[in-house]
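Here is a short briefing to read alongside the structure.

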Amino acid sequence: MTRPCPKDNLLRDRAYLALIRQIPCLSCSSRPSQACHVRIGFNGTGIKPADSRTLPLCYKCHHKQHTMSEKKFWLDLQIDPISLCENLFAIYSDAKDIGSCISAINMFIFTHRAAISDIHTTQID
């Protein structure tokens, strides 16, 4: 169940966080994943962004994301984290059931990774 957080009026959704944790790490593809809150463009110092702004990272990669420039972390992965968050949350919001949601998100991420791989191949050639 989604609910606004009274403290900061941000969306909190435990079911969505649980779903994000089922997806392999975006950086290294390992499991288990943690729900990593993306703070780029967020002005709430000391406050986590809305749960809709989370992406799956394993413990090691999540720690790396917090110990370096977050912009550089995502740039190195060639991922636009804001756009990816929006796309994943839209899939979740539109899904009829959790199984179809996981399948749709995995397909979206697979396609996203294939596009990144094509970019790397083109740059090498």
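Predicted model: local features only at pLDDT ≥ 70, side-chain atom pairs only at ≥ 80, totals over all residues.

**Helix α4**

- The buried residues of α4 are Pro 81, Leu 84, Cys 85, Leu 88, Phe 89, Ile 91 and Tyr 92.
- Looking down the helix axis, these buried residues fall within an arc of 155°, so they line one face of α4.
- Helix α4 covers residues 81-94, and at 1.5 Å a residue its 14 residues should span 20 Å; the C-alpha atoms at its ends are 20 Å apart, which agrees.

**Aromatic rings**

- Searching the whole structure turns up four aromatic pairs.
- One of them is Tyr 16 with Phe 89, an edge-to-face pair with 4.9 Å from centre to centre and 85° between the planes.
- Because Tyr 16 lies in helix α1 (residues 14-21) and Phe 89 in helix α4, this pair ties together parts that are 73 residues apart in sequence.
- Both Tyr 16 and Phe 89 are buried.
- Phe 89 also pairs with Tyr 92: the ring centres are 5.6 Å apart and the planes stand at 45°, so this pair is tilted.
- Within helix α4, Phe 89 and Tyr 92 are three residues apart, about one turn of the helix.
- Together, Tyr 16, Phe 89 and Tyr 92 make up one aromatic cluster.

Note on methods
Residues numbered from 1 in each chain as written. Heavy atoms only, no water. Helix = DSSP H or I, 4+ residues; strand = E, 2+ residues; numbered from the N terminus. Expected span 1.5 Å × (residues − 1). Buried < 20%, exposed > 50% of the residue type's maximum accessible area, 1.4 Å probe, protein only. Arc of directions from axis to C-beta. Phe/Tyr/Trp six-rings, centres within 6.5 Å; stacked < 30°, edge-to-face > 60°.
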